[in-house]
Amino acid sequence: MAETSADILVVDDDARLRALLQRFLTEQGHRVAVAGDATEARAAIEAMAFDLLVLDVMMPGETGLQLAEHLRREGHETPILMLTARGAPDDRVAGFEHGADDYLAKPFDPRELALRIRTILRRVAPRAAPTALPDGPMQLGQRWFDAERCELRGPEGTQRLTGGEAALLTALARRAGEVLSREEIAVALGTPDAGERSVDVQVTRLRRKIEVDPREPRFLHTIRHKGYVLRPGP
């Protein structure tokens, strides 16, 4: 049984794989819906709220990458796990650039898929802020990061973070003022094999949400040849 039961949408044009994943994930304790293409996926997403989307990259018509990018533009923050037959580093980076939270290359062991899903769900599950974090929200200029709710609050209102963005900001906030290497960040994100460029992509995405000018960051700094450091403040 799953440690955390979730509503999952599996989107893949391979009917056999859809059926296998639906059966396997249901046996793991999840509630699973399936779609054969992006059009069916959109209809399902409009009909109900999912805790996780599992998207195949290479689908006829609109690809999984295009669907993920569209959903992010529309403000959907549901975690996305990409499935693809192409597992090269550049392909993984492309997945993160289009809004994915994790990436799994085909063929894969279903047990690894289950573990990755569990890791993503742990990231986004409501929980008390880690004791290493300062009490209460952390200030980032005119915004405040609430680790417990995985959200930013500011003059423009509340902004929800994706699971990957929340995990990244939480990891940096726990060691605010300290430089974290890309390897340490990848481990904190639960994607230790994703590669350095994938971490850079996640940092770029987060900067768009916490910085007034992401090209001139005030809070999330790059330390050349070392990694990244978060310096919160007014």
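**Salt bridges in a predicted model**

Hi everyone, let me start with Asp146: this residue is buried, with a relative accessible area of 11% (buried means under 20%, exposed over 50%, partly exposed in between, with a 1.4 Å probe and protein chains only). A quick word on the source: this is a predicted model, where local features need pLDDT of at least 70, side-chain atom pairs count only at pLDDT 80 or more, and totals for chains, interfaces and linings use all residues. Residues are numbered from 1 along each chain as its sequence is written, and side-chain values use heavy atoms, with hydrogens and water left out.

Back to Asp146, which pairs with Arg153 in a salt bridge, their closest N and O atoms 3.1 Å apart (that is, a side-chain nitrogen of Lys or Arg within 4 Å of a carboxyl oxygen of Asp or Glu). Arg153 itself counts as partly exposed, at 30%.

How many salt bridges does this rule give? The count comes to 19.

One of them joins Asp7 and Arg31, at 2.7 Å from N to O. Asp7 sits in strand E1 (residues 7–11) and Arg31 in strand E2 (residues 31–35), so this pair ties together parts 24 residues apart in sequence. Strands here are DSSP runs of at least two residues (E), helices runs of at least four (H or I), numbered from the N terminus. Asp7 is buried at 18%, while Arg31 is partly exposed at 42%.

Now my last stop, Glu165 and Arg205, whose side chains meet in a salt bridge at 3.9 Å, N to O. Glu165 belongs to helix H6 (residues 163–174) and Arg205 to helix H8 (residues 196–210), so parts 40 residues apart in sequence are tied together. Glu165 is buried at 4%, and Arg205 is buried at 8%. Both belong to a network of salt bridges that also links Glu77 and Lys209.
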